[in-house]
Amino acid sequence: MPLFDMKTMETQADQYLFAERLVAALSAAFGFLATLLAAIGLYGVMAYMVARRTREIGIRMALGADRTKVVRMVMREVGWMAAIGMAIGLACAMVLGRFVQSQLFGLAAYDPLTLGLATLTLGAAAIAAGYIPARRATRVDPVEALRYE
């Protein structure tokens with residue numbers, strides 16, 4: 001019998017797994033986009049919060065609070081928001097993990113390394129998103145802040 005369309009085993013495996021790799025690449029891209037949107041949203045919330053508290057921050061600085069205390073105050077709120085969001089996200093991941101376990105290749109539904117890396121990545125995005133408004137809060141002129149509103 002004549003042989004048609006001969007391929008190496010590596011080529012056949014690549015063609016067979018193309019759709020799965022495409023889905024994985026698209027999932028990673030959408031995950032990155034979701035993380036970026038979450039960071040932008042947190043930045044917007046924190047920038048709004050700092051703008052609303054301009055008078056309070058100005059009074060604190062006029063009474064002697066240094067810049068590190070103001071940054072720490074704002075970053076503490078970022079940390080609380082991020083911690084609450086990550087706790088809810090981890091709980092949802094644990095509950096929904098068993099529904100997608102059949103589609104995970106080489107991973108358990110409750111892989112601690114994957115959940116830990118995702119949590120660290122979101123924590124880093126939250127810190128980066130909150131640091132910019134925190135630094136902006138330190139540039140508040142106390143005299144101008146008292147005149148604000």
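Axes are lines fitted to C-alpha atoms, for helices over the stretch in contact, and the angle between two axes runs from 0 to 180 degrees between N-to-C directions. The model examined here is predicted. In general, two packed helices are described by the angle between their axes and the distance between the axes.

Helix α2 spans residues 18-52. Helix α5 covers residues 112-138. The two pack at an angle of about 30°. Their axes lie 9 Å apart. Angles under 35 degrees count as roughly parallel, and α2 and α5 are therefore roughly parallel to each other. The crossing of α2 past α5 is right-handed.

The relative accessible area of F18 is 53%. Exposed means over 50%, so F18 is classed as exposed.

Helix α5 contains A128. This residue has a relative accessible area of 47% and is partly exposed. From A128 to P142 the sequence separation is 14 residues. The C-alpha atoms of A128 and P142 are 26 Å apart in space.

Helix α3 is formed by residues 54-62 and includes M61. The relative accessible area of M61 is 15%. The cut-off for a buried residue is under 20%, so M61 is buried. M61 and L120 are separated by 59 residues in sequence. Between their C-alpha atoms the distance is 32 Å.

Notes. Residues numbered from 1 in each chain as written. Predicted model: local features only at pLDDT ≥ 70, side-chain atom pairs only at ≥ 80, totals over all residues. Heavy atoms only, no water. Helix = DSSP H or I, 4+ residues; strand = E, 2+ residues; numbered from the N terminus. Buried < 20%, exposed > 50% of the residue type's maximum accessible area, 1.4 Å probe, protein only. Parallel < 35°, antiparallel > 145°, perpendicular 65-115°, else oblique. Left-handed = near helix turned anticlockwise from the far one by under 90°.
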